[in-house]
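Dear colleague,

Please find the structure below, followed by notes on what turned up in it.

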Amino acid sequence: MREGRVEFSRHALEKLSDRTSKRLGITPQRVEAVLNRPTCIDNGDFPILMAVGPLTKTLSLCVVYKFVEGDVRVITFFPAQRGRYEG
């Protein structure tokens, strides 16, 4: 799924350091893991895409991104109830 390297927007970098992300264990590596092995991908707002993958037993991690010159640009991410965004 991934083409080039993963870049994080300023907003996404700020979210990585917030209290909720730290409490839930959301790291750049976890975001990349969802990009590499999503349970589903929503392309309804193409060229903006959203990959969804597991975060905890009850939460999924949604990663909003787009491709920029062959690289993946993470725009934002957020936790969601499992099943809300999966197929």
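Apart from neighbours within four places in sequence, Ser-9 is in contact with Arg-73, Val-74 and Ile-75. The model is a predicted one. Ser-9 lies in the loop between β1 and α1 (10-16). Its relative accessibility is 10%, so Ser-9 counts as buried, the limit being under 20%.

As for charged pairs, searching the whole structure gives 2 salt bridges. One of them joins Glu-7 to Arg-5, with the closest N and O atoms 2.8 Å apart. The other joins Arg-5 to Asp-71, and here the closest N and O atoms are 3.5 Å apart. This second pair links distant parts of the chain: Arg-5 sits in the segment before β1 (6-8), while Asp-71 belongs to strand β5 (residues 71-81), and 66 residues separate the two.

Asp-71 has a relative accessible area of 17%, which is under 20%, so Asp-71 is buried.

Regards

How values were computed
Residues are numbered from 1 along each chain as its sequence is written. This is a predicted model: local features need pLDDT of at least 70, side-chain atom pairs count only at pLDDT 80 or more; totals for chains, interfaces and linings use all residues. Side-chain values use heavy atoms; hydrogens and water are left out. A salt bridge is a side-chain nitrogen of Lys or Arg within 4 Å of a carboxyl oxygen of Asp or Glu. Helices (H or I, at least four residues) and strands (E, at least two) are DSSP runs, numbered from the N terminus. Buried means under 20% relative accessible area, exposed over 50%, partly exposed in between (1.4 Å probe, protein chains only). Contact means heavy atoms within 4.5 Å.
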